[in-house]
Amino acid sequence: MTDVLKVGMSEVKITSAPTMLKTTGLGSCIGLCMYDEKLKIGGMAHVMLPSSVNSKVSEFGAGKYADTAVEFLIKSLKAKGCKKLKAKIAGGAQMFTFSGGSDIMKVGARNVKAVKELLAEQNINIISEDTGGNKGRTIVFDTDNFHLIIRTIGSDQKTI
Amino acid sequence: MFNKSIKPLQKDLLKELGNIGAGNAATAFSTLISNRVELNVPEVELVGFENSLEFVGDEAVAAMYFRVNGSLPGNMLLMLPLETVDFILQSVGKNKTASWDDLDSYNQSMLMEIGNILCGAYISAISDFTQKKMVPTVPAFAIDMAGAIINIPLAQLGDMSEKALLIKTTFNRDGKDFSGNFLFIPEPSALTELMNHFGVVQ
């Protein structure tokens, strides 16, 4: 039986094969997976918001913001000897259809944009993604074959 | 920001608010569906974001989301399991074959209007009791996993806190075919305002 490590909202977890990483209830949040294929070490962050700049609290989970999550994943994976990092991302849905259009309703799209920009800055390639749309996702990342399995309500499971 | 924990007296007060709000909403609901709606004792938890999704579960629900502005700002969700949605569509809408997975704009509007009435009843009861102004926005609607839906109110809180104060009041009809919950998620400033108002030491 393979172990599955649960990643809660705003958390980051690092593990190695054959342990899997799982996060449930990704709505506007992003599941960011970063891994090294050679060492079979990977990490997952459950990102809530695009930037820590506006945070009014000083202590928070490293995975809470896109910027702190990317930084923490790179630092932790490099500390374990990872060299060539790759990424897969999922999430960032617009959960509510809302004509008023307040900023918080569009947080999913802002999260996707922030994560992509930060990864590009660090020269980390996004191998595959399943972002946007209006459906919540549950994801499982397999650190052995680097498959990212995505489940949504009302459609078939897919692997990217 | 929220303190590390909430004291028993604070918790009691928040439970009472959940009771008052949901009690008023349940009365309105009973009238709408011509069936008695019973409330359970509210659950009040201050949970870290990392554990917050477990509090609402993974079930598919229809959710109506309201942002509440005013002196007690926060977020309000009405979450209904899909069987309950079918029951409402069929009993209020009188269409015996209506279902959540074939929701036309008429039925969606009806659900949102019911959400509006119920959350309005919830908010106005708390507002009357506390004498604080609370103004809900127009509702937003989604059918999805409860955990994914709660992302939005939590993201709204994200910059202010590391925890979420969740006041959940579940309700059901006599049978098992009908249930749901109201989830009120006040912002940190609303908690301070409330505790000051009632003279509860923080």
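1. In this predicted model, helix α3 (residues 82–92) of chain B and helix α4 (residues 105–130) of chain B have axes that come within 11 Å and cross at roughly 100 degrees, where axes are lines fitted to C-alpha atoms, for helices over the stretch in contact, and angles run from 0 to 180 degrees between N-to-C directions. Because angles of 65 to 115 degrees count as roughly perpendicular, α3(B) is roughly perpendicular to α4(B). Helices here are DSSP runs of H or I with at least four residues, and strands are runs of E with at least two, numbered from the N terminus.

2. On the α3(B) side, the contact (heavy atoms within 4.5 Å) is made by B:V85, B:I88, B:L89 and B:V92, and on the α4(B) side by B:N107, B:M110, B:L111 and B:I114. By class, this contact has seven nonpolar residues, one polar and no charged, with Ala, Val, Leu, Ile, Met, Phe, Trp, Tyr, Cys and Pro counted as nonpolar, Asp, Glu, Lys and Arg as charged, and the others, Gly among them, as polar.

3. In chain A, five strands form an open sheet of mixed pairing, in the order β1-β3-β8-β9-β10, and two strands pair if DSSP finds at least two bridges between them. The edge strands, β1 (4–6) and β10 (155–159) of chain A, each pair on one side only. Three bridges join β1(A) to the parallel strand β3 (residues 20–26) of chain A, and A:L5 stands opposite A:L21 in β3(A).

4. Residues are numbered from 1 along each chain as its sequence is written, and chains are lettered from A in the order in which they are written. Local features need pLDDT of at least 70, side-chain atom pairs count only at pLDDT 80 or more, and side-chain values use heavy atoms, with hydrogens and water left out.

Notes
Parallel < 35°, antiparallel > 145°, perpendicular 65-115°, else oblique.
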